[in-house]
Every structure is written in structure tokens, then in C-alpha cells.
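I opened my notebook to go through one structure, entry by entry. Here is what I looked up.

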Amino acid sequence: MKKGLLIVFSGPSGVGKGTVRAEFSKNEALKLAYSISMTTRDPREGEKDGVDYFFVTRERFKEAIENEELLEWTEFVGNYYGTPAAYVEKLRNEGKNVLLEIEVDGASQIRKKCPDALTIFLIPPSMEELERRIRGRRSEPEEIVQQRLAKAEREMKMITEYKYVVCNDNVDLAARIVSAIIEAHM
Ligand code: 5GP
């Protein structure tokens with residue numbers, strides 16, 4: 001069986017990665033499996049452990065780093081986030097195309113370890129629109145919003161490192177473009 005692709009899907013927080021992903025994941029022909037990350041941040045309303053993330057303590061996360069359980073990891077706005085390696089490998093060996101929804105530092109680590117990874121960056125139609133979307137979420141204090149915006153500015157500078165850049169002006173269209181990119185690489 002052909003080993004599945006490793007797909008890195010990045011973009012500043014608030015750009016709508018989750019919404020676009022939900023849309024293109026409906027396309028079963030893509031044989032996608034979502035890699036569930038480990039994080040030390042608190043769950044947002046409606047988020048479930050083992051579905052959206054594995055929510056862990058800082059101690060457990062540090063243990064995972066020491067035991068080399070993570071394919072990549074980073075600290076983002078005061079919390080740790082990382083990709084459990086064994087699960088990704090298992091899914092790819094089953095022929096699934098594994099999607100990592102991760103930020104730019106993690107993407108650089110993946111690029112070094114797996115140069116064949118298919119990397120896609122989702123951009124907002126404008127930075128003003130991005131700010132509006134981040135504030136629209138209304139679940140975080142101003143200080144965190146400011147940190148996310150500053151990180152978004154830095155992340156946008158990394159787009160040239162990605163194989164594909166897709167604009168999320170319209171969710172359906174962005175999802176169709178990402179689908180087509182993945183299909184072209186299968
Ligand atoms: P959020 O707190 O909004 O869920 O995630 C913050 C950022 O961390 C997002 O850009 C998200 O894609 C990224 N992220 C989520 N999981 C991982 C991971 O396992 N590794 C890395 N490097 N970034 C992640």
C-alpha cells in the first residue's frame with residue numbers, strides 16, 4: 001500500500017483553518033486523517049479532549065518532549081503545542097493522508113524532517129479582516145488577542161516557505177482549492 005502524504009496546513013490564528021478544513025474533509029476521496037495535537041492550553045467552550053486536542057499538563061508535555069514522542073512542538077502564546085509522532089506514522093502506513101494543522105515553527109521542523117511534506121498556507125483577505133475574526137471569537141482577553149495578532153504578523157512573513165498559498169476569502173472556494181491541491185499530489 002502506498003504510504004499516505006504528510007500535509008501541513010498553516011495560517012495565522014483566526015484565519016479560519018478549522019472551518020476550511022471541515023469543508024474539504026467532507027471529500028472522502030482525499031482519504032484524510034486529522035492529527036490530533038497535544039497542548040497545555042485550556043479547552044475552549046465546546047472543545048473535547050481527544051477530539052480537538054489532547055489537553056495535558058505542562059509536566060506531561062515536558063515528558064513527551066524528553067521521551068521524543070513528538071514529531072514537532074512549539075510554544076505559542078504561552079502554551080505548548082505538539083504533534084504525537086507514533087499516531088501520524090501509523091495512519092500514514094495505513095495509507096491515510098495525514099493533515100497537521102500547525103503554526104509556522106512546527107512547519108519548519110516538519111520541512112527539515114520530511115522534505116516531501118505537502119505544505120499549504122491559508123491567508124486572510126486582509127490583516128484588518130483577520131483582526132475582526134480574532135476579536136469575533138470573543139473568548140480571550142485583550143492581552144492574548146494582541147499576542148495572537150503580533151504572531152500573525154510574523155507568521156505572514158513565512159508564506160514563501162510553503163508550497164501553496166490559498167486565500168480564505170470564501171470558505172467553499174478555499175476548501176475546493178485545497179482539495180484540488182491534495183488530489184494533485186495523491
Ligand atoms: P489554538 O490555540 O488557536 O487552537 O492554536 C494556536 C496555533 O497553534 C494555531 O496556529 C494552531 O494551528 C497551532 N497548533 C495546533 N496544534 C499544533 C501542534 O501540534 N504543533 C504546532 N507547531 N502548532 C500547533
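**Entry 1: a helix pair.** Before looking at handedness I wrote down the convention: a crossing is called right-handed if the near helix is turned clockwise from the far one by less than a right angle, and left-handed if anticlockwise. I also noted that this is a predicted model. Then I took up α1 and α7, and found that α1 passes α7 in a right-handed crossing. From α1 the contact takes in Thr19, Val20, Glu23 and Phe24, and from α7 it takes in Val171, Asp172, Ala174, Ala175, Val178, Ser179 and Ile182. For the geometry, I have α1 as residues 17–24 and α7 as residues 171–185, with axes that come within 8 Å and cross at roughly 60°.

**Entry 2: salt bridges.** How many salt bridges does the structure hold? I have 18 in my notes. As background, side chains of opposite charge can pair when their charged atoms come close. I looked at three of the pairs in detail.

The Arg60 and Glu63 pair came up with its closest N and O atoms 3.1 Å apart. Why are these two about one helical turn from each other? They sit three residues apart in helix α2, which spans residues 58–66, so about one turn separates them. Arg60 is partly exposed at 27% relative accessibility, and Glu63 is also in the partly exposed class, at 41%.

Next I checked Arg133 and Glu129, whose side chains meet in a salt bridge of 2.8 Å, N to O. Both are in helix α5, residues 127–137, and they are four residues apart, about one turn of the helix. Is Glu129 buried or exposed? Glu129 is buried, because its relative accessible area of 18% is under the 20% cut-off. Arg133, at 22%, is partly exposed.

I then followed salt bridges that share partners, and they join Arg41, Arg44, Glu47, Glu140 and Arg148 into one network. Within it, I looked up the bridge from Arg44 to Glu47, where the closest N and O atoms are 3.8 Å apart. Arg44 is partly exposed, with a relative accessible area of 22%.

**Entry 3: Glu101.** I moved on to strand β7, where Glu101 is found. Glu101 is buried, with a relative accessible area of 19%. Its side chain is joined to that of Arg21 by a polar contact of 2.3 Å. Not counting residues up to four places away in sequence, Glu101 touches Phe9, Lys17, Gly18, Arg21 and Tyr34.

**Entry 4: Thr39.** What does the side chain of Thr39 reach? I found the backbone oxygen of Tyr80, at 2.9 Å. Thr39 lies in strand β3, residues 38–39, and is buried, with a relative accessible area of 0%. Apart from residues up to four places away in sequence, Thr39 touches Tyr53, Phe54, Phe55, Val56, Tyr80 and Tyr81.

**Entry 5: Lys3.** My last stop was the segment before β1, where Lys3 has its place. Lys3 is partly exposed at 38% relative accessible area. Which residues is Lys3 in contact with, leaving aside its neighbours within four places in sequence? I noted Glu89, Arg92 and Asn93. With Glu89 there is a polar contact of 2.8 Å between the side chains. I also took one distance along the way: the C-alpha atoms of Lys3 and Ser37 are separated by 21 Å, and the two residues are 34 residues apart along the chain.

Definitions and conventions. Residues numbered from 1 in each chain as written. Predicted model: local features only at pLDDT ≥ 70, side-chain atom pairs only at ≥ 80, totals over all residues. Heavy atoms only, no water. Axes fitted to C-alpha atoms, helices over the stretch in contact; angles between N-to-C directions. Contact = heavy atoms within 4.5 Å. Salt bridge = Lys/Arg side-chain N within 4 Å of Asp/Glu carboxyl O. Buried < 20%, exposed > 50% of the residue type's maximum accessible area, 1.4 Å probe, protein only. Polar contact = N/O pair within 3.5 Å; in protein donor to acceptor, adjacent residues only side chain to side chain.
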